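Look at one helix, its surroundings and a cavity beside it. The report follows the structure below.

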Amino acid sequence: MSTAQLRVLGLGALALALSVAVQGAMLAAPLLTMHVYDGVLSSRSVDTLVVLAGAWLLAILLGGLLRGLRAALLSAMAERLARRLQFQTIGAALRRALAGDRTAGLLALSDAAEVRRMLGGSTLSDALDLVALPAALFVLFLLHPLYGWTALLFCLLLGLLGALADRTTRGTVRRAGALQARVTADLAGRLRQSELLDCLGMLPAVLRRWQPRYLEMLEAQDAAQRRARALSGLADFTQQMLLLAMAGVGAWLVTRNAASAGSILAASLLAGMAAAPGARLVGAWRDWAFGAAALGRLRETIAGGRAPATAAPQPGAPRGLRVTGLGIEVPATGQVLLRNLDLHLPPGELLVVAGANGAGKTSLLRALMGIAPPSAGQVLLDGQDTTRTPRRVVGPRIGYLPQGSMLLEGSVLENIARLGEAPAAAAIAAAREAGAHEAIGRLPEGYGSAAGPNAGLSGGQRQAVATARAMFGAPALLVLDEPEAGLDAIGLARLQRAVATAKARGAAVVLVSHQPAGWAELADRQLRLGADGAWEINARSMETAA
């Protein structure tokens with residue numbers, strides 16, 4: 001068991017101990033009240049009343065203090081667990097998206113927020129307050145067994161209502177969650193082409209097709225909440241009937257001289273303490289039902305997107321990029337994109353990857369960088385498995401220029417430095433190597449200019465910054481996915497000089513291109529992907545086919 005898990009267990013045990021202490025302090029109030037009715041009213045002793053009132057006030061204050069300490073402890077635990085869960089969820093959702101499953105991660109953050117709401121609400125404290133049930137029932141049985149059996153009967157009825165709320169709404173809540181995931185995925189996919197939809201006037205038609213699923217989702221959520229509200233009303237009614245029953249039983253016992261008059265009030269207070277946590281849990285159905293469903297989905301997301309086990313570096317492996325028996329399949333369809341690829345790309349060499357659309361060129365790049373696990377085989381970068389090495393270790397050793405030159409919110413300097421804390425000189429050196437320094441200098445604020453998606457940079461400016469980011473830190477592996485797309489002759493020449501510079505300093509370079517002839521002077525080998533996973537490597541001095 002890890003240290004973090006032991007810490008959580010320790011904090012949970014402390015919260016339980018505080019709950020026992022809280023209920024112990026609160027149990028004193030009804031017992032002292034009974035003594036006031038049975039002792040003070042008959043003896044008319046003011047001194048006894050003052051002493052009992054002081055003890056009653058002390059018990060209430062102590063219970064309130066302990067409850068406040070428990071609330072602070074539970075809040076800190078909930079915050080820590082929620083943050084840890086959110087980070088695990090984000091990482092797992094990204095890994096599943098890279099593997100081709102984008103739907104699973106769409107609701108990951110909203111599910112994490114739902115679980116956070118459950119943990120931060122009163123659900124945990126209400127569950128811990130259930131420790132009052134056996135203590136209150138024990139004291140009620142001591143007062144008279146009929147008090148105890150009556151309270152036990154109504155508490156069992158409340159428990160039955162809680163189980164009924166869970167059983168009758170669990171499937172509806174799960175269905176509503178699945179519908180919400182599909183509705184969100186459908187709308188996000190359509191609105192990703194917002195310019196096209198607006199230009200062609202298709203937005204009303206898209207919304208008409210999307211609206212029925214959205215209304216179906218709302219109906220599923222409303223159906224679950226209607227059932228829960230009905231059961232919550234029954235729980236409140238049951239709790240009120242319990243108090244009336246305790247008063248009736250107490251009056252009957254008093255008439256038969258089997259209990260004191262003060263026991264009626266004490267028994268009612270004790271019965272309320274025993275039943276209140278269960279009634280609150282039934283009333284808070286929305287929090288724990290939706291939170292439990294969200295937690296189940298998050299566990300599936302995390303389990304399906306768990307990072308592969310870490311592998312130790314292989315000291316005898318050759319330097320550069322070593323690919324052995326690599327196979328790639330499309331997870332959703334099982335289509336084979338690549339079979340049994342063997343390749344060694346030493347430092348300072350350029351491999352150009354070519355092939356028809358859909359042949360798996362981008363999938364190959366993802367497998368080489370380790371961001372999408374291959375279906376078979378292994379990829380080593382200077383002896384490190386790119387898939388099974390932590391990203392914080394292997395990530396800085398890889399430079400990547402994707403299609404579209406995606407930039408993040410922040411300045412040009414921050415984007416080049418990969419949002420890290422590196423010195424500005426390192427980012428400027430990468431920009432010089434990429435041939436982007438002059439282009440960045442012409443921006444209104446130079447390296448301090450905004451570079452996010454809405455910053456207004458042109459396509460060439462975005463690619464210049466993205467190329468500098470790929471060069472940052474002198475990576476051992478440089479991966480470029482169709483980098484010449486949209487470039488003019490000047491931009492292409494600048495890019496080729498940057499690739500030549502990276503080769504000269506010893507980087508292994510993999511470049512996808514639809515125009516491999518344009519890289520003939522720099523390329524050392526060409527890998528052409530064919531149909532059904534076939535491939536072919538051509539070089540000046542060798543030719544290997546599969």
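Buried means under 20% relative accessible area, exposed means over 50%, and partly exposed lies in between (1.4 Å probe, protein chains only). This is a predicted model, in which local features need pLDDT of at least 70, side-chain atom pairs count only at pLDDT 80 or more, and totals for chains, interfaces and linings use all residues. Residues are numbered from 1 along each chain as its sequence is written, and side-chain values use heavy atoms, with hydrogens and water left out.

**Helix H17**

Helices (H or I, at least four residues) and strands (E, at least two) are DSSP runs, numbered from the N terminus. H17 covers residues 489-504, 16 residues in total. From first C-alpha to last it reaches 22 Å, close to the 22 Å expected at 1.5 Å a residue. The expected span is 1.5 Å times one less than the number of residues.

Gly491, Leu495, Ala498, Val499, Ala502 and Lys503 of H17 are buried. They sit on the same side of H17, because they cover an arc of only 140° around the axis. That arc is taken from the directions from the helix axis to the C-beta atoms. An α-helix has 3.6 residues a turn, so residues three or four places apart point the same way. The face turned away from the buried side carries exposed Ala489, Ile490, Arg497 and Ala504.

Contact means heavy atoms within 4.5 Å.

| Element | Residues |
|---|---|
| Strand S3 | 350-355 |
| Helix H14 | 424-433 |
| Helix H16 | 459-471 |
| Strand S7 | 477-481 |
| Strand S8 | 508-512 |

At the start of H17, a side-chain oxygen of Asp488 comes to within 3.3 Å of the backbone nitrogen of Ile490. Just after H17, Gly506 has a positive phi of about 105°.

**The cavity**

A cavity is a set of points on a 1 Å grid over the protein atoms alone where a 1.4 Å probe fits but cannot get out; lining residues have an atom within 4 Å of a point. The largest cavity is lined by Ala434, Gln463, Ala464, Thr467, Leu487, Gly491, Arg494 and Leu495. H16 and H17 each supply at least two residues of that lining.

Gln463 lies in helix H16. Gln463 is buried, at 9% relative accessible area. Leaving out residues up to four places away in sequence, Gln463 touches Leu401, Ser405, Pro483 and Leu487.

How values were computed
Polar contact = N/O pair within 3.5 Å; in protein donor to acceptor, adjacent residues only side chain to side chain. 1 Å grid on protein atoms, 1.4 Å probe; cavity = no way out; pocket = protein on both sides within 12 Å on 5 of 7 lines; lining within 4 Å.
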